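This report describes the structure shown below, beginning with the chain as a whole and then turning to a single residue.

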Amino acid sequence: MTRRPRLYFSFRSPYSWLTVRRLREMVPDLPAEFDCLPYWDPDEKTSAALAERGGEFHYQQMSRAKHLYMLMDTKRLAQNRGIDMAWPVDVDSWWELPHLGWLAARRVGREWDFYDAIVAARWGRGDDICTPEVVATAAAAAGLDPDRTVAAAADESIRAEAVGCLYQAYLDDVFGIPYLKWGRHRFWGLDRVDLFLDTWRTEGVKG
């Protein structure tokens, strides 16, 4: 099997943050080894474009009880790994802003610099990454043009690229984040990361 693994990540999910952190520890050259695609709750414009392509958004919003559990669980996991974290408060968040900003950063080869700046803002400081001010600050820290990064959601070509990411997620049956797909193998959740790595390496992908 020679196909590259496909990693779906989200700036919203703490489990995605911890998963990407773990993968980057174990696979230092992650960008060269994986196809990485952002996944987020689309706004009306993106949702309409996705539907026009025949796609759907499989993810279902969690209950309050599940959200509270996730809050406690994530803090426990981070503490167990010796990671300091802050818990941001999301209110009417526009997730296109950071995720399409990442796609814009990818066009100039700075997507992981932007990724690091965004997760530092969200999980390190508890900032609202769905505000132009925070995204602009992250873009500047990543060596990007802040105004162009914030304006990514207004760029029709980046919008089309974003729809393509969510359409591929639809084809891959992504229903939650983090999600790894490699050939016929699918792995959902932080607790499947090491199983994915074992499977990937055992079947000789890296050799």
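## Burial and basis of the model

Of the 207 residues of the protein chain, 47% count as buried, that is, under 20% relative accessible area with a 1.4 Å probe, protein chains only. The model is predicted: local features need pLDDT of at least 70, side-chain atom pairs count only at pLDDT 80 or more, and totals for chains, interfaces and linings use all residues. Residues are numbered from 1 along each chain as its sequence is written, and side-chain values use heavy atoms, with hydrogens and water left out.

## Fold and dimensions

The protein chain contains ten helices and four strands, where helices (H or I, at least four residues) and strands (E, at least two) are DSSP runs numbered from the N terminus. In order from the N terminus, the elements are β-α-α-β-α-α-α-α-α-α-α-β-β-α. The radius of gyration of the protein chain is 17 Å, close to the 17 Å of the globule rule for 207 residues, so the chain is as compact as a globular protein of that length. This radius is taken over C-alpha atoms, and the rule is 2.2 Å times the number of residues to the power 0.38.

Contact means heavy atoms within 4.5 Å. Among contacts in the protein chain between residues at least 6 apart in sequence, 72% join residues at least 24 apart.

## Thr19

Thr19 lies in helix 1 (residues 14-26) and is buried, with a relative accessible area of 1%. Beyond its neighbours within four places in sequence, Thr19 is in contact with Pro178, Gly189, Leu190 and Val193. The Thr19 side chain also reaches the backbone oxygen of Tyr15 at 2.8 Å.

Methods:
Buried means under 20% relative accessible area, exposed over 50%, partly exposed in between (1.4 Å probe, protein chains only). A polar contact is a pair of N or O atoms within 3.5 Å; within protein, one must be able to donate a hydrogen and the other to accept it, and residues adjacent in sequence count only if both atoms are side-chain atoms.
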